[in-house]
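Thanks for coming. Please have a look at the model on the screen before I start.

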Amino acid sequence: MKVYLDHAATTPCDKRVVEAMLPYFSDEFGNADSQHFFGRDTAKAVADARETISQLIGCKPNELYFTGSGTEADNWAVKGVALHRKDKGNHIIISAIEHHAVLTAADWLENNGFVVTRLPVDSTGLVSVSDLEKVIDDQTTLVSVMYVNNEVGTIQPIKQLADVAHRYGALFHSDCVQAMPYLDVNVGQLGVDLLSMSAHKFYGPKGVGALYIRNGVKLDKLICGGGQERSQRGGTTNTPAVVGMAKALELSRGEMDKNNAHIAALRDHFVDRVLKEIPYVRFNGNYEHRIPSVANFSFEFVEGEGILMLMDFNGIAVSSGSACSSGSLDPSHVLLAMGVPIEISHGSIRFSFGKDNTMEEVDYTVEKLKDTISKLREMSPLFNVKTGGTYNV
Amino acid sequence: MYNQKVLDAFAHPQNVGEIENPDGEGTVGNATCGDIMRITLRIENDVIVDAKFQTFGCAAAIATSSTATQMVIGMTVDEALKLTNARVVEELEGLPPQKIHCSVLAEEAIKKAIEDYRAKQQNIQLDKTKIDYV
């Protein structure tokens, strides 16, 4: 059995999305900015895609800019606003649990003379509005907090955070990459000035994202080039990709309630069984403010890479912390910010369910997970197999 | 990321566990860094006749623990002291660069277990000396 439980890393492109994209590779290949009829046809497809996505997130089509990824959208928002508003102030605020796209963009700003404040989170991964009020001042030009965390799935109080930012004259950006497939993301309801998304997280193609920029908001360009995206983002428009993103979001919104109910049932069954059947396990996240797809656990006395690999041998794909950092040996910055002890954070695994998973797959995963944890604990000098407890090392 | 030999050593580790009343034991590493290795040795006439390990750590740490214990069984303690992490990595036909440090633990744990063995031997000698004086 092959079981894919890493939907927070990426989702399979929906076959209906692929169908919608196919004509724009070879038949309707024109450059959307060309004046001739080849270009006019694809320009129409791009305009339609922009219109569709704009309607679904509650903005005007001229407030939506296509990018090459969610990471690019995050970089553009964070660097673009900070650089453009540097005469007003040099302070930006992010949360400590942002995706690396925002984290490292903020690091870059810090290395270039800006002051960056990183908001702490509580043990469930929640940012507090009062913490923002404590650190924001009239030098703050931007606050950037993700809507949903990619490692633990906690949903942040974006509207309240954005209100605080606006009271101090700061702009508010939200990385909504992980929120899109599960929440009815609407720029007006969230009160954000900028918002990032990425198609491959909602069963769309990889290599395309978008940044919503509220009309009136000014920011520096990140990608200089031709006149594409109303001269704000250079680079020939990836017509099949933007068509695919629009189709994927349309399908995702149409099937959201059904998918959310299915995914939540899988997740709940999984979490119940793991907590009941595996000792010394810690659930990382918030039981109330969360998306339905993610279950993050720390398994004490064992290390995450070993779990990931033994699960992989059994045909089950999971992630240890964030897949993007799997090359790094450091424990997850998100779990550390949540106060998970460092030695426990090493044994953390993220399971992220999707619309095509089945209950049978979940039960198979639990069985293999139990074997995996037992096997690794048998090897662990921290765990006494005979007593089922811990050694004093 | 890992070659087949490392994957096999990780999937089917040899010599897992601990020897009761070992002649030498060594624990190195710490949980904060994400790896701890404990090695216990049975030594007869300065020859390692059995070695077992317990490891909290990544796949590379487990694979090198397994391989290192296999390599030292049959060695004299002097030979085992000369076993380097580079030799263990060579036996595994290489590790990814960022995982080389994991193999150092096995070398250190074996050295520590042999030191422990030698300290115990000295204590036995001292005990014998004491008895002679009585």
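First, conventions. This is a predicted model, in which local features need pLDDT of at least 70 and side-chain atom pairs count only at pLDDT 80 or more, while totals for chains, interfaces and linings use all residues. Residues are numbered from 1 along each chain as its sequence is written, and chains are lettered from A and ligands numbered from 1 in the order in which they are written. Helices (H or I, at least four residues) and strands (E, at least two) are DSSP runs, numbered from the N terminus.

Start with chain A and its seven-stranded sheet. The 7 strands form an open, mixed sheet in the order β2-β8-β7-β6-β5-β3-β4; strands count as paired if DSSP finds at least two bridges between them. At the edges are β2 (64-67) and β4 (115-119) of chain A, each with a single partner strand, so one side of each has no neighbour in the sheet. The twist averages 20° from one strand to the next; angles run from 0 to 180 degrees between N-to-C directions, and axes are lines fitted to C-alpha atoms, for helices over the stretch in contact. β2(A) pairs with β8 (residues 209-213) of chain A in the antiparallel sense over 4 bridges, and A:Y65 has A:L211 as its bridge partner there.

Two helices go with this sheet. Helix α3 (residues 70-84) of chain A packs on the sheet, and its direction makes about 160° with that of β7(A). Helix α4 (residues 100-111) of chain A lies across β3, β4, β5 and β6 of chain A, at about 155° to β3(A).

Next, a helix pair. The axes of α2 (residues 37-57) and α9 (residues 239-254) of chain A come within 9 Å and cross at roughly 30°. That makes α2(A) roughly parallel to α9(A), a word used for angles under 35 degrees. The residues of this contact divide into 10 nonpolar, 3 polar and 2 charged. Contact here is C-beta atoms, placed from the backbone, within 7 Å. Nonpolar is Ala, Val, Leu, Ile, Met, Phe, Trp, Tyr, Cys and Pro; charged is Asp, Glu, Lys and Arg; the others, Gly among them, are polar.

Now the other sheet of chain A on my list. 3 strands form an open antiparallel sheet in the order β9-β10-β12, with β9 (281-284) and β12 (348-352) of chain A as the edge strands. β10 (residues 294-299) of chain A pairs with β12(A) over 5 bridges, and A:A295 stands opposite A:F351.

That leads to the interface. Which helix gives the most to the side of chain A that touches chain B? α11(A) does, with 4 residues. The contact takes 17 residues from chain A and 18 residues from chain B. The chain A side divides into 10 nonpolar, 3 polar and 4 charged.

Why call α11(A) largely enclosed by the rest of the structure? Because 8 of its 10 residues are buried, meaning 20 or more other C-beta atoms within 10 Å of a residue's own, with C-beta atoms placed from the backbone. The buried residues of α11(A) pack against elements including β10, β12 and α14 of chain A, together with α1 and α2 of chain B. Just after α11(A), A:G315 takes a positive phi of about 80°.

That is the tour.

Notes
Buried ≥ 20, exposed ≤ 12 C-beta atoms within 10 Å, placed from the backbone. Parallel < 35°, antiparallel > 145°, perpendicular 65-115°, else oblique.
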